[in-house]
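Subject: Structure handover

Hello,

Please find the structure below. My notes on it follow.

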Protein chains: 2
Amino acid sequence: MKLLEEKIQTSGKVIEPDILKVDSFINHMLDPELIMAMGEDFYQHFKDKPITKILTLEVSGIAIAFAAGHYFKVPVLFAKKIESLTLGDDVYSTQVISYTKQKEYTVKINRSFLTADDHVLIIDDFLAKGEALKGLLELCRQAGASVEGIGIAIEKVFQGGGDRHRQQGYDVYSQAMIERFENGRVVFSPPQ
Amino acid sequence: MKLLEEKIQTSGKVIEPDILKVDSFINHMLDPELIMAMGEDFYQHFKDKPITKILTLEVSGIAIAFAAGHYFKVPVLFAKKIESLTLGDDVYSTQVISYTKQKEYTVKINRSFLTADDHVLIIDDFLAKGEALKGLLELCRQAGASVEGIGIAIEKVFQGGGDRHRQQGYDVYSQAMIERFENGRVVFSPPQ
């Protein structure tokens, strides 16, 4: 998606060998025009699938998933990482490893919000090794929901999570595919 | 806002004497149609103010603030509660007490995203005693930014946070004002 790639080049920052900071438009401050366009782009890609629900992970996936939900006109469910007094015990739950944050955490969804009748589009901001995605897929598996597709804003292709899930048969669509970092700059994969 | 009040009556759940659960459309699953309408309603209320930025608090404020940002066409900044590797030390920061979660936490924003040139609309999902709001106002004070208004989805009027901030001169607009809970049902304040 040209608009997102351009925004990454102008406003993203490579802060470590392999960390891209997109705090000024996705992870801390949101650019509503860009993110609405990303939501519409996901809609264009997946609109022929019978999507009934969008699933993402708090925090950074929320705005992007919400924008997609606006176009699909379906509810957007975000899995919770933080302990919540009101979530209760009636949950699907799994563990996710975050390499960026160097810790493991639990993600949960309330059972009543995801069922075997659901056809899910999973959306997230980043796909690197695919650990968060694995957690979201596991929640769908526990609920018996069908996964119709996976929409990612930014894929770090060189970390392998995208290809591994494509090989498993998932329709993984990433709007910006980073092939590598080079002298603090982002090099995108050529269009497929 | 009629649409939100109706949704609270049909889909909200009063789970303790004074806790309203809106997990099925705001706090865990999002209803994009409702939340976009809430964003537009905030725009109608505050559109004559020179808003340059919307400020909210992760997690539950994000979708509502994003929807408002879509109508205002301004960036949406969400203060962070969670430790973030990429946020760095160049932050404004303050403490917030959560009575619901019975703990105190730190909220932070990157200094570069809020400045003395900003005219801020603060948006949040709930206003009870006003502790989270106090934290967001403190971040604006540290940045020297002007607070043009405060938009709240659900105000628990009986907990006093709204009135205290109105008395301080803030333009606080709440879309649904809960006067009290009665036998597990919500009673709204009469329209002003």
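B:Asp89 counts as exposed, at 79% relative accessibility (buried means under 20% relative accessible area, exposed over 50%, partly exposed in between, with a 1.4 Å probe and protein chains only). B:Asp89 sits in the loop between β5 (76-79) and β6 (91-98) of chain B; helices (H or I, at least four residues) and strands (E, at least two) are DSSP runs, numbered from the N terminus. B:Asn110 belongs to strand β7 (residues 103-110) of chain B and is buried, at a relative accessible area of 7%. Apart from neighbours within four places in sequence, B:Asn110 is in contact with B:Leu87, B:Asp90, B:Val91 and, from chain A, A:His28 (contact means heavy atoms within 4.5 Å).

Some background before the rest. This is a predicted model, in which local features need pLDDT of at least 70 and side-chain atom pairs count only at pLDDT 80 or more, while totals for chains, interfaces and linings use all residues. Residues are numbered from 1 along each chain as its sequence is written, chains are lettered from A and ligands numbered from 1 in the order in which they are written, and side-chain values use heavy atoms, with hydrogens and water left out.

Chain A as a whole

Chain A has 6 helices and 11 strands. Its radius of gyration is 16 Å, close to the 16 Å that the globule rule gives for 192 residues, so chain A is as compact as a globular protein of that length (the radius is taken over C-alpha atoms, and the rule is 2.2 Å times the number of residues to the power 0.38). The C-alpha trace of chain A spans about 50 × 35 × 35 Å along its principal axes. Of the 192 residues of chain A, 56% count as buried. Among contacts in chain A between residues at least 6 apart in sequence, 60% join residues at least 24 apart.

Aromatic pairs

The whole structure holds 9 aromatic pairs over all chains (rings of Phe, Tyr and Trp, the last by its six-membered ring, pair if their centres lie within 6.5 Å; planes under 30 degrees apart count as stacked, over 60 as edge-to-face and the rest as tilted). One of these is the edge-to-face pair of B:Tyr43 and B:Phe72, 5.0 Å centre to centre with 75 degrees between the planes. B:Tyr43 lies in helix α3 (residues 32-46) and B:Phe72 in helix α4 (residues 61-72) of chain B, so the pair ties together parts that are 29 residues apart in sequence. B:Tyr43 is partly exposed at 26% relative accessibility, and B:Phe72 is buried at 12%. In chain A, ring pairs link A:Phe42, A:Phe46 and A:Tyr173 into a cluster.

Backbone points to check on screen

The peptide bond from A:Glu58 to A:Val59 is cis, with omega near 5 degrees. In chain B a cis peptide bond joins B:Glu58 and B:Val59, with omega about 10 degrees. A:Val59 is in the loop between β4 (53-57) and α4 (61-72) of chain A.

A:Lys73 is not a glycine but has a positive phi of about 60 degrees. A:Lys73 is in the loop between α4 and β5 (76-79) of chain A and is exposed, with a relative accessible area of 72%. A:Asn183 also has a positive phi, near 50 degrees, and is a residue other than glycine. A:Asn183 lies in the loop between β10 (172-182) and β11 (185-188) of chain A and counts as exposed at 77% relative accessibility.

Regards
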